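Please open the structure in your viewer and keep the selection tool at hand.

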Amino acid sequence: MKKKSVRKVQPGDREPSADVRSGMGLGTLWRAYIENLICIQGRGDPAVASPNDKYTAFAYTVRDRMMFRAAHALQTYTNRDFRIVCYLSAEFLMGPHLGNNLINLGIYEEVKDALGNAGYDIDELLGLEEEPGLGNGGLGRLAACYLDSLATLEIPSIGYGIRYEFGIFDQEIRDGRQIERTDKWLRFGNPWEIPRSEVVIGVKFGGRTEPYRDENGSYRVRWVPHRVVRGLAYDTPVIGYRVSTCNTLRLWKAEATESFDLQAFNHGDYYRAVEEKVDSENITKVLYPNDEPLQGKQLRLEQQYFMVSCSLQDMIHLHLLRGKSLDTFHEVYAVQLNDTHPSIAVAEPSEMAVGEHRMDWDRAWHITQSTFSYTNHTLLPEALEKWPLQLFGELLPRHLELIFEINRRFLDGVRKRYPEDEDRVRRLSLIDETGERYVRMAHLACVGSHAVNGVAALHTELLKNTVLRDFYELAPEKFSNKTNGVTPRRWLVLSNPGLTDLITRKIGDGWIKNLDELRRLEAFAGEEEFRAEWRRVKRENKQRLAAEIRRRTGIVVDPDTLFDIQVKRIHEYKRQHLNVLHIIALYIRIKLNPDIEITPRTFLFGGKAAPGYFIAKLIIRLITSVAEVVNSDPDVRGRLKVVYFPDFNVKNGQKIYPAADLSEQISTAGKEASGTGNMKFALNGALTIGTLDGANVEIREEVGPENFFLFGLTAEQVSELKARGYRPGDFYASQVHLREVIELIRGGHFSPSDPDLFRPLLDSLLHSDEYMVFADYQSYVDCQDKVGLAFGDQELWTRMSIMNTARMGKFSSDRAIAEYCRDIWKAEPVRVDMSERLEKWDLTRKPVRASDISKI
């Protein structure tokens, strides 16, 4: 970090009575930073401190202030009865911690000043943080937004997940292809986490079950495992926005019960000496191992059960520690299953309650159903997890027995409700009996939960009418919609300080906790001066992104062009290839008439393809190949630029969303559950081009049809066309411009050294086109022409941009969490009072005795 010549912090700057670990003034923060640099990083001379030393020392400075709030929260909770929300998720894509925590503590400006006085730039400091890649995309980022909102709304909560040693891969684009690199996010340590070495959970795998009679003569089953893995807890504090609530994200790491076999080592069998350690630690080694081979499937199932078992055992331990009975567990804990990954949780309480805690089945099942609720995040059948029965039984023999018993009792009820309807019974069964038998995890989640929700209005209706129709007809009262939301603290306040400042100067800062207040911006949309300020902020954001694009890719882009952006996971249903076809269509127009008037555009793509997803990786190759040709063609004259931004993640998203003019939300209608990128773009003033899919429907309703570029078939029209027999070749034959685009690709124009490179993608489109790219092509191109015309009128475009931001109040994660609390969790806020003394830690009241310390 480069030093500036500025005033140094003076000793008198420190507030007189402030504690160096909790004070919030500039001088105290600086003193705490210096002490952490010396005492924790071991750097007596700042001149020899590395950039990471400086970042880490500041991270500990901020964490200290969070932990004081956590201590006050614990004291508040100790003597009160309240509901605890536990959010179980295989992913938590938290993003960089430092900036967000500074915002939520309300000390961002103080720290910025302290750094400035020391001659350092806060952006350089924030840029040093490694991003924990503990998620693949929307699912994990949603979980992170929800933890932020739970703390902001002062709801006691714990997030439970896995501490993957290696997260989602780092992406490089080399020779136009995706290259996966190991995500070593822990290489410099993690100052935000607190290892809880004393919190150790035993998790069983494999083995056999043995029936027996207990001392009362009751039938019991004992699980004799093949191996036991230890789960170690790592806690990360999660602070709410300008409140004293500090909740916890608890992640589990797998370790062997015995990490080194000395006897094997002494006999020269060095591999067997560490075999148990390696096998156990593999469970939390990497996010989402390739589950194509059987070993990958087993490891993924091990991950899911490990997370669930550790988390539920931990909850029960905490519950009993408070002197409560297991009979009241469901009255204290509300456990949300974030998609199907943690759905094995439904069988786990029965194993513990019926087995270890000697509870009768009916009582255990009542507690289970009253505790759990399930969020479904997909309409894609392949994403509704199923596990081969043989694999499941070998790994979790006791749980398979319990699932059979749950299924027997459940189907008895179904038969009573629907006599003579065995086809319905077959569809509802937890076991898929067609071909190789499978355990249906989404079915298990539905049966074992008292509430089931979708994540957008359209998604919920499609759930009720398609993949979960039978469950909806059986228990319609279970189903509700909870449209997703995003936290404005990260996705506007932190990401877009220029727009945050402009909004706050106009309407105050109440909108940061009540996003509906953004509606007040509508009154200023007619003011020429305000629109000019709005454009200035957008252009500054585009300039920053342009500089980052040049640094990362070497491509020079013009910030005055229309920034047309699609950043999300690469998947055929998200239709990045439809976007590319439009770019090629524009390129053909220019080649046919080099002097044609065309709205200058910068097309930016970002996102990762699953390592084993061939077509998705081929789509990336197509994008980069088109970019190479278009960007270097002299006829284009800079009117089109195509960029693939590598390694899209939270940190990069914070740079990209504020700079977008146009947000591409072009998935096939009926395929996207909700989406949250659409919300982040619109919140930052981007206009959306999209189908009526996922949350696009509700965004369009909120911002107004006149401020949304709509194209394409509806979900109903997609279903009808497929039912009639969709033939993509007919569209290819009848649409001249589409045919020109396809033939340019097929002819090798974008891959001259390998003309057949894109044949698998083209064959898929021409012969099946599962996601209706050809059917929506002409509608999309026509709509994009309207976009170009609208962007040419900057006053009109700015009004539309302001309206998008002003009408995004519904899409706050605060609103979503408030609905979950009201309708599903029955959870109430618990206010933490920081004015109360930390009585248990007030060592000034009397001399410290050994007995006092032993109680700690």
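Predicted model: local features only at pLDDT ≥ 70, side-chain atom pairs only at ≥ 80, totals over all residues.

Stop 1: Select residues 51-78, which form helix 2. Is helix 2 mostly covered or uncovered? It is mostly covered, since 20 of its 28 residues are buried.

Stop 2: In soluble globular proteins, nonpolar side chains tend to be buried together. Select F392 and W825 next: within the largest nonpolar core, which has 115 residues, these two touch the most other members. Another core, of 83 residues, lies apart from it; among its members are A49, A456, L502 and W534.

Return to F392 and display its surroundings. Leaving aside residues up to four places away in sequence, F392 touches L301, I344, W387, P397, H399, L400, I403, V439 and M441.

Stop 3: Rolling a probe the size of a water molecule over the atoms shows where empty space is left. How many cavities of 30 Å³ or more does the structure hold? There are seven, and the largest cavity contains about 150 Å³ of space. To find the largest cavity, select M94, N100, N101, V238 and R490, which lie nearest its centre among the 17 residues of its lining. Now colour helix 3 (98-105), helix 6 (138-152) and strand 8 (227-239); each of these elements supplies at least two residues of that lining. By type, the lining of the largest cavity comprises seven nonpolar, seven polar and three charged residues.

**Stop 4: two residues with positive phi.** Most residues other than glycine have a negative phi. Select D769, in the loop between helix 30 (759-767) and helix 31 (773-792). The phi of D769 is near 45°, a positive value although the residue is not glycine. Is D769 buried or exposed? With a relative accessible area of 2%, D769 is buried, because buried means under 20%.

Finally, select K826, in the loop between helix 33 (813-825) and helix 34 (850-855). K826 is not a glycine either, yet its phi is positive, at about 55°. Its relative accessibility is 52%, so K826 counts as exposed, the cut-off being over 50%.

Definitions and conventions: Residues numbered from 1 in each chain as written. Heavy atoms only, no water. 1 Å grid on protein atoms, 1.4 Å probe; cavity = no way out; pocket = protein on both sides within 12 Å on 5 of 7 lines; lining within 4 Å. Points joined across faces, edges and corners; volume = space filled by probe spheres on them. Helix = DSSP H or I, 4+ residues; strand = E, 2+ residues; numbered from the N terminus. Nonpolar A, V, L, I, M, F, W, Y, C, P; charged D, E, K, R; others polar. Expected span 1.5 Å × (residues − 1). Buried < 20%, exposed > 50% of the residue type's maximum accessible area, 1.4 Å probe, protein only. Core = buried A, V, L, I, M, F, W, Y, C linked by side-chain atoms within 4.5 Å. Contact = heavy atoms within 4.5 Å.
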